[in-house]
Amino acid sequence: MPTSSFRPDDRMPLGRSGLTVSRLGLGLASLGGMFEPVADDVAIATIDRAWDLGVRLFDTAPVYGYGRSETRAGAALRGRPRSAFALCTKVGRLIEPGGTDTQPIWADPPAGVGPRLDYRRGAVLRSLEDSLARLGLDRVDVLHIHDPDLDYTTALLETYPALAELRAAGVIEAVSLGVNHAEVAARFLRDAPAPGPDCVLLAGRYTLLDQTGLDDLLPLCAERGVTVMAAGVFQAGLLAEPRTGKAYGYDTVPAAVLQRIHAVRAACRRFDVPPLAAAIQFPFGHPAVTSVVVGARTPDEIAQNADHLAHPIPVALWTHLKDAGVLPVTAPVPVP
């Protein structure tokens with residue numbers, strides 16, 4: 001039976017940027033203390049383990065633990081050859097004393113500081129300076145405009161031009177969008193002046209449970225040579241929690257979503273495939289998707305994710321999921 005699988009350390013081009021990134025990326029929100037505190041030594045050991053597995057794409061943000069994620073990323077990566085990895089962070093929120101745009105998902109953020117939304121040019125440049133100081137590095141490779149829908153007009157008219165200038169000057173290699181809504185990214189790609197963003201970090205909208213990214217965004221990206229980094233592929237833990245379907249960030253799970261989860265798990269049992277392996281590999285069926293970015297709180301978790309990426313998956317599983325109505329018949333799937 002034909003099967004597909006992927007190596008975590010496979011390198012792929014990141015859109016038009018000239019960068020190459022590993023198939024597997026490590027998202028560093030969890031190591032900033034999302035939902036649960038993580039000790040400094042465990043966070044650094046997790047990044048070290050990812051490196052040993054061949055991961056060379058790391059994604060952080062100022063808001064992740066209110067600077068804590070960036071600080072830990074820098075501590076783990078500063079001793080590595082800088083040209084050997086791609087580092088992404090985000091703009092749109094400043095971390096400062098008294099910042100009021102707080103989020104309850106951070107378990108133990110530093111006292112006295114918080115995020116403040118600001119997509120204006122000056123704030124964007126300051127955000128990059130602050131990020132570099134926390135990282136202890138002289139550059140980042142990719143800057144995402146974080147949640148541009150929160151102030152779309154300013155993000156389009158001030159944030160993007162500022163990042164485009166940084167790209168043209170060689171300060172950064174790529175401009176990106178970090179979004180939870182595929183339609184926002186598609187609108188931004190159409191509205192931004194040429195050449196536009198190089199890539200999109202799309203969270204939770206091209207997964208086994210949600211393929212809304214396929215409606216417009218992914219075909220547009222493929223047409224324009226814009227790379228997609230798929231994140232949130234475990235749907236905030238829903239696929240990892242088979243007993244109730246409940247997961248971090250969910251008070252209740254809609255019955256239709258639970259039904260879809262049960263269908264995925266039943267299909268995976270039939271073909272002897274871990275559900276998380278199917279989840280982490282599914283996005284690679286689309287030609288616009290270069291990398292899947294996953295979170296991890298421990299070295300064992302990132303090692304398990306690497307194993308899931310490399311797990312052989314029979315093509316028949318994808319056919320079965322389409323026949324069951326879990327995937328649209330038009331969804332491209334991984335092939336050998």
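At what angle do the axes of helix α5 and α6 cross? The model is predicted, so to speak of local features we need pLDDT of at least 70, and side-chain atom pairs count only at pLDDT 80 or more, while totals for chains, interfaces and linings use all residues. Residues are numbered from 1 along each chain as its sequence is written, and side-chain values use heavy atoms, without hydrogens and water.

To the answer: the axes of α5 (residues 182-191) and α6 come within 9 Å and cross at roughly 35°. Axes here are lines fitted to C-alpha atoms, for helices over the stretch in contact, with angles from 0 to 180 degrees between N-to-C directions. Helices (H or I, at least four residues) and strands (E, at least two) are DSSP runs, numbered from the N terminus. In this pair, A182, A185, A186, L189 and R190 of α5 meet L217, L220, C221 and R224 of α6, where contact means heavy atoms within 4.5 Å.

Next, the barrel. Eight strands form a closed barrel with parallel pairing, in the order β4-β5-β6-β9-β10-β11-β12-β13; two strands pair if DSSP finds at least two bridges between them. From one strand to the next, the twist averages 25°. Strands β4 (residues 24-27) and β13 (residues 289-295) run parallel, joined by 4 bridges. In this pairing, L26 stands opposite V294 of β13.

Finally, F58. Leaving aside neighbours within four places in sequence, F58 is in contact with residues including L26, I47, W51 and F85.
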